[in-house]
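Hi everyone, thanks for coming. Let's take a short walk through today's structure together, one feature at a time.

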Amino acid sequence: MDFLTPLERSVRMAAIRGRRNKTTELVLLTLMRENGVVGWRRQIDLPGKPDFVFKKERVVVFVDGCFWHGCPLHFRLPSGNRAFWAKKIASNRSRDQRQTKLLRQRGWKVIRIWEHSLKNSSQTIRRIRRALDAESNF
Ligand SMILES: [Zn+2]
């Protein structure tokens, strides 16, 4: 049932690990703690497995790695196996879009934060706060 070459298999494994990128996730976790953003939970079973879920406010937050999610600013095709990578990243992107749409249809506000924008911590925190505040106004 499995026709993957060894390269494709190793890429797939890397992708599975990369999707739950602990480092970027922990950077945001620390940022939120430092800024007193509370009320989130992790490992909630929702489409796309959001990194953070604010159940009460119905807000989900994803941190998207610049490589795996095809950041328009930082993604560069690796020099080898270009067709393979182009297809792989394009399929990651369309999966992201599908999951975002599905979550929105279910009444969640979806925030996707690029890995690179974690460096601008005040802007990132402002985005999250704004989403949380907007919901509580209703
Ligand atoms: Zn980026």
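Predicted model: local features only at pLDDT ≥ 70, side-chain atom pairs only at ≥ 80, totals over all residues.

Reading along the sequence, the donor residues of the zinc ion follow the spacing C-x4-C-x2-H-x41-H. Which residues are they? Cys66 and Cys71 each bring their SG atom, while His74 and His116 each bring ND1, at 2.0 to 2.4 Å from the zinc ion. The angles among the four donor atoms run from 102 to 121°, and the site is tetrahedral.

Now for the salt bridges. In general, side chains of opposite charge can pair when their charged atoms come close. How many are there in the whole structure? A search finds four.

Take glutamate 25 and arginine 42, whose side chains meet at 2.6 Å, N to O. Glutamate 25 sits in helix 2, and arginine 42 in the loop between helix 2 and strand 1, so this pair ties together parts 17 residues apart in sequence. Glutamate 25 is buried at 1%, whereas arginine 42 is partly exposed at 26%.

Next, arginine 112 and aspartate 64 form a salt bridge at 2.8 Å, N to O. Arginine 112 belongs to strand 3 and aspartate 64 to strand 2, and they are 48 residues apart. Both are buried: arginine 112 at 19% and aspartate 64 at 4%. Through shared partners, salt bridges join Asp64, Asp96 and Arg112 into one network.

Note on methods
Residues numbered from 1 in each chain as written. Heavy atoms only, no water. Donors = N, O, S within 2.8 Å, 3.2 Å for Na, K, Ca; no water. Tetrahedral: all angles 85-135°; square planar, octahedral: opposite > 155°, others 65-115°. Helix = DSSP H or I, 4+ residues; strand = E, 2+ residues; numbered from the N terminus. Buried < 20%, exposed > 50% of the residue type's maximum accessible area, 1.4 Å probe, protein only.
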